[in-house]
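These notebook entries record what I looked up, one topic at a time. I began with the packing of helices.

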Amino acid sequence: MTVKINYKTNLVKKASSNLVLFSDEKYNLLGLKKYISNSEYSIISELIKGRDFKKKIVHFDINSKRKIILVSFKKKLSESDAENLGANFYDQFKDSRQTEFFINSDTISINTKHLIGNFLHGIKLKSYNFDKYKTKKEKINISINLFGKNILTSKEQLKFTAVEEGTFYTRDLVSEPGNILHPDEYAKRLNSLKKDGLKVNILDEKKLKKMGMNTLLGVGQGSIRGSYLVTMEWNGLKKNNSKPLAFVGKGVCFDTGGISLKPAKFMEDMTYDMAGSAVVVGLMKSLALRKAKVNAVGVVGLVENMPGGNAQRPGDIVKSYSGKTVEILNTDAEGRLVLADALTYTEEKFKPKFIIDLATLTGAII
């Protein structure tokens, strides 16, 4: 199911459409009277009379083809509240086979205009569905038409669409199975981000061995797949030599635990052990798409932790990129080994203002 947002400055009136109006939290209709017909106003007034609506979204069936939907925006509504309202809106109507909605932006005050963007953003984010490998796909296209004077500018739209594209790219990466998105394929996909304006550099095993990134390489040495360290740079402050913001992600494409093998139950979920890196990738893509005025670098270590004839053993001692030696007590503690070399390299190479590292860690983080 895909959602397309259309921005129309001209007022659109269709007798057989789903009309969305924003109201206050008490569903006061007086301010909305001029946007609907007298008969519709009478119908809704009668239905709403004496009722205490606790829901933030209520809909009224005017006839078999016409529905009017009221969305309650309280006075002090946060951006995240508006986003959650959008997600709620999508949930309410995704199974109703309604394919077209018209949102009247004039029913919201000018000083809360930006909240419309958050509302639409919530709808888009909730509409995500990974059905790439499903044999039968249900193709439903929902068209949402925003009209009136409180239309988002192109710049305001880009703020949201860039985040959506980055978020969906992250979700696509995380949703891919381990037999498809192994480190070799992952590195190829990251190389394609050059088209978005990112400077991408891929360090393969040969380069990593020469550099001494032995803790990262040790995790992947039991796999037939290669291991990589990939950097993605975005220089949005071209005339500014300020230190970049750095984001480092754990990219264990599949984590069996290695020789310290995990229990079989739920091991299929270990295809998600690269989610930290996927967040870094999605973030860098979003920054590039919206031409963010910031200098940032994303660094991801891509490996596959497998029990093979050449796999790392408990009791092995390896020297990290920093020069510190590490004794491997449990090969299922692989994330810190990948991040150790990645963090040292990031600090040494880019000298960032700060580093945020992202890893899936263990179930204990829940």
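In which hand does H4 pass H8? I noted that H4 passes H8 in a right-handed crossing; a crossing is right-handed if the near helix is turned clockwise from the far one by less than a right angle, and left-handed if anticlockwise.

Before going on, I recorded that this is a predicted model, in which local features need pLDDT of at least 70, side-chain atom pairs count only at pLDDT 80 or more, and totals for chains, interfaces and linings use all residues. Residues are numbered from 1 along each chain as its sequence is written, and side-chain values use heavy atoms, with hydrogens and water left out.

**Entry 1**

Helices (H or I, at least four residues) and strands (E, at least two) are DSSP runs, numbered from the N terminus. Axes are lines fitted to C-alpha atoms, for helices over the stretch in contact, and angles run from 0 to 180 degrees between N-to-C directions.

For H4 and helix H8 (residues 275-289), I found an angle of about 155° and axes 8 Å apart. H4 and H8 are therefore roughly antiparallel to each other; that term needs an angle over 145 degrees, whereas under 35 counts as roughly parallel, 65 to 115 as roughly perpendicular and the rest as oblique. The contact (heavy atoms within 4.5 Å) includes Tyr169 of H4 and Lys285 of H8. I sorted the residues of this contact into 11 nonpolar, 5 polar and 2 charged. Here Ala, Val, Leu, Ile, Met, Phe, Trp, Tyr, Cys and Pro count as nonpolar, Asp, Glu, Lys and Arg as charged, and the others, Gly among them, as polar.

**Entry 2: H3 and its partners**

I then turned to H3 and helix H4 (residues 154-175), whose axes come within 10 Å and cross at roughly 20°. H3 and H4 are therefore roughly parallel to each other. Among the residues in this contact are His114 and His121 of H3 and Phe160 and Phe168 of H4. By class, I recorded 4 nonpolar, 5 polar and 3 charged residues for H3 with H4.

Helix H2 (residues 79-93) and helix H3 (residues 114-126) pack at about 45°, with axes 7 Å apart. H2 and H3 are therefore oblique to each other. Their contact includes Phe89 of H2 and Phe119 of H3.

**Entry 3: Aromatic rings**

I looked up the aromatic pairs and found 11 in the structure; rings of Phe, Tyr and Trp (its six-membered ring) pair if their centres lie within 6.5 Å. One aromatic cluster is formed by Phe22, Phe73, Phe89, Phe93, Phe101 and Phe119.

The charged end of Lys285 sits over the ring of Tyr169, 5.0 Å from its centre. This description requires NZ of Lys or CZ of Arg within 6 Å of the ring centre and within 35 degrees of the ring normal.

**Entry 4: Backbone angles**

Most residues other than glycine have a negative phi. I noted that Phe266 has a positive phi, near 70°, and lies in the loop between strand S9 (245-255) and H8. Lys351 also has a positive phi, near 45°.

Methods: Phe/Tyr/Trp six-rings, centres within 6.5 Å; stacked < 30°, edge-to-face > 60°.
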